[in-house]
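Here is a short briefing for a first look. It covers a ligand site, then a metal site.

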Amino acid sequence: MAKYKLEYVWLDGYTPVPNLRGKTRVASEEPKSLEDCPMWGFDGSSTQQADGSNSDCMLKPVAFYPDGGRANAFIVMCEVMMPDEVTPHPSNFRATIIDDEDAWFGLEQEYFLFHNKRPLGWPTDGFPDPQGEYYTGVGFANVGDIAREIVDEHLDLCLAAGINHEGINAEVAKGQWEFQIFSKGSKNCADDMWIARYLLLRLCERYQVDVEWHCKPFLGDWNGSGMHCNFSTKHLREVGGKDYFMKLMDAFENNIEEHIAAYGPDNQLRLTGLHETQSIDKFSWGIADRGASIRVPHSFVNNDYKGYLEDRRPNSQGDPYQICSRVLKTISEVPTS
Ligand code: ADP
Ligand code: MN
Ligand code: MN
Ligand code: MN
């Protein structure tokens, strides 16, 4: 009789950026859905989520994925709960964020692949040739040897998990890559992004490669890493209009600091006004403008201000729960009629 492996995955209590953690539970019956995954516990004193004297934290399953990287296996995304099983742990942002099933999100995760603390393909000392030919590049000189194998395998793992992985591209800096995840609802999209990150980290173990999520691993003329948040609500897709759009941009402008607080640490190193970014303390929008805080696609304007918008400020280390929720909060401040 086959046994089944359930990898319970959660976010620990480290700040400002939580780590992914996971442990395996073996089950005799094949789980068919989330309902077949019981609550579980872990030692919160080893994850900065509890004291040793009262160490138990609970894992509440919230999302369920087939695990293409292991035989007879599943991944179970969890929220961390207090021992009473009903009170969310203070580190559990997912429990309190704003959600809307009709809000669609496309997150573009950029990151570097590292070996021995250097990006793949960089010389041991000094720097590679300046940026220019790496973005969407092909050939050993541009993308090195094992990176493409990794990103392709990651794509297949995401698809096997039922995650809407939408694409891959080599990025502007050498050793820098991007994948995109699309989903309906902020919790769904953020769950999928955290599991996509988990799958990439786990896959890279085998290659002795680390994923560097920091938004600016190298100062100087090297692009930082973002996680652009493309978003649309039902109203934006179906009603839109220039008047509503202008009010929405005013609301974003009135909440600059609140957005930056939710968009990942050290963003001042990345949002400098250079390298396809706007400065951290300014807000601007622009049609097809990659130097704006919010890029408005041509299709949006041509379609009577209907469709999706791209907030370019969230960074690669940001928490997708907090990013998507902040976008929805600002949208909720603007009346739709
Ligand atoms: P670029 O690199 O040009 O900024 P990408 O193709 O990498 O663009 O990413 C665009 C993202 O926009 C994709 O993740 C896609 O899912 C998302 N997207 C497209 N249409 C919508 C929509 N209606 N609502 C939300 N996101 C959308
Ligand atoms: Mn992109
Ligand atoms: Mn990109
Ligand atoms: Mn983008």
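**Ligand and metal sites**

A nitrogen atom of ligand 1 sits 2.7 Å from an N or O atom in the side chain of S232. The model is predicted.

**Contacts of ligand 1**
- The side chain of E108 has an N or O atom 3.0 Å from an oxygen atom of ligand 1.
- For R290, a side-chain N or O atom is likewise 3.0 Å from an oxygen atom of ligand 1.
- On its own, ligand 1 exposes 580 Å², and the protein buries 75% of that.

**The shell around ligand 1**

**The manganese ions**
- E110, E171 and E178 coordinate the manganese ion (ligand 3) through OE atoms, at 2.1 to 2.2 Å.
- Along the chain, these donors follow the spacing E-x60-E-x6-E.
- E178 is a bridge between the manganese ion (ligand 3) and the manganese ion (ligand 2). The two ions lie 3.7 Å apart.
- E110 lies in strand β6, while E171 lies in the loop between β8 (165-170) and β9, so the pair ties together parts that are 61 residues apart in sequence.
- E110 and E171 are both buried.

Note on methods: Residues are numbered from 1 along each chain as its sequence is written. Chains are lettered from A and ligands numbered from 1 in the order in which they are written. This is a predicted model: local features need pLDDT of at least 70, side-chain atom pairs count only at pLDDT 80 or more; totals for chains, interfaces and linings use all residues. Side-chain values use heavy atoms; hydrogens and water are left out. A polar contact is a pair of N or O atoms within 3.5 Å; within protein, one must be able to donate a hydrogen and the other to accept it, and residues adjacent in sequence count only if both atoms are side-chain atoms. Accessible areas come from the Shrake-Rupley method with a 1.4 Å probe; for residues, only the protein chains shown count as cover. Donors are N, O and S atoms within 2.8 Å of the metal (3.2 Å for Na, K and Ca); water is not among the atoms, so sites may look incomplete. Helices (H or I, at least four residues) and strands (E, at least two) are DSSP runs, numbered from the N terminus. Buried means under 20% relative accessible area, exposed over 50%, partly exposed in between (1.4 Å probe, protein chains only).
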